[in-house]
Amino acid sequence: MTSCKEALRLVSETMEQPLPWPTRILSRIHLLMCRDCLYSQSQFQGLKKLLAKYVRYEQEHPRSYTASLSQEAMDRMKFL
């Protein structure tokens, strides 16, 4: 059985890149049984959407403090 700590690490990694199917299955099984981790996953997804909106807004309305972010950092914050 996957621990909550490991499950949340996998949830976080899944948001960055696809994981191998056995790992995804273990993570999903844990999420089916653990309400706390499922809630945390929804919080991660909400944060990802909020950050994507922020990045889009900043690209449309640039401010001086975003100039300190590298293009690579800005690109990593872009989401579909």
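Predicted model: local features only at pLDDT ≥ 70, side-chain atom pairs only at ≥ 80, totals over all residues.

Tutor: Residues are numbered from 1 along each chain as its sequence is written, and side-chain values use heavy atoms, with hydrogens and water left out.

Student: In what order do the elements of the chain run from the N terminus on?

Tutor: Helices (H or I, at least four residues) and strands (E, at least two) are DSSP runs, numbered from the N terminus. The chain has four helices and zero strands. From the N terminus on, the order is therefore α-α-α-α.

Student: Are α2 and α3 roughly parallel or roughly perpendicular?

Tutor: Axes are lines fitted to C-alpha atoms, for helices over the stretch in contact, and angles run from 0 to 180 degrees between N-to-C directions. The axes of α2 (residues 21-33) and α3 (residues 35-60) come within 5 Å and cross at roughly 110°. Angles under 35 degrees count as roughly parallel, over 145 as roughly antiparallel, 65 to 115 as roughly perpendicular and the rest as oblique. The pair α2 and α3 is therefore roughly perpendicular.

Student: Which residues of α3 make the contact with α2?

Tutor: Contact means heavy atoms within 4.5 Å. From α2, the contact takes in His 30, Leu 31 and Met 33. On the side of α3, the residues are Arg 35, Cys 37, Leu 38 and Gln 41.

Student: Is the crossing of α1 and α3 left-handed or right-handed?

Tutor: The axes of α1 and α3 lie 10 Å apart, at an angle of about 25°, which means that α1 is roughly parallel to α3. A crossing is left-handed if the near helix is turned anticlockwise from the far one by less than a right angle, and right-handed if clockwise. For α1 and α3 the crossing is right-handed.

Student: How many charged residues does the contact of α1 with α3 have?

Tutor: In this contact, Cys 4, Ala 7, Leu 8, Val 11, Ser 12 and Met 15 of α1 meet Cys 37, Ser 40, Gln 41, Phe 44, Gln 45 and Lys 48 of α3. Ala, Val, Leu, Ile, Met, Phe, Trp, Tyr, Cys and Pro count as nonpolar, Asp, Glu, Lys and Arg as charged, and the others, Gly among them, as polar. By class, the contact has seven nonpolar residues, four polar and, as charged residues, one.

Student: Is His 30 buried or exposed?

Tutor: His 30 belongs to helix α2 and touches Met 1, Thr 2, Ser 3, Cys 4, Ala 7 and Cys 37, not counting residues up to four places away in sequence. Buried means under 20% relative accessible area, exposed over 50%, and partly exposed in between (1.4 Å probe, protein chains only). Because its relative accessibility is 3%, His 30 counts as buried.

Student: How far apart in space are Ser 12 and Gln 45, C-alpha to C-alpha?

Tutor: Ser 12 is found in helix α1 (residues 4-16) and is partly exposed, with a relative accessible area of 35%. In sequence, Ser 12 and Gln 45 are 33 residues apart. In space, their C-alpha to C-alpha distance is 9.3 Å.

Student: Which residues form the largest nonpolar core?

Tutor: A nonpolar core is a set of buried Ala, Val, Leu, Ile, Met, Phe, Trp, Tyr and Cys residues joined through side-chain atoms within 4.5 Å. The largest one has five residues: Ala 7, Val 11, Leu 31, Cys 34 and Cys 37.
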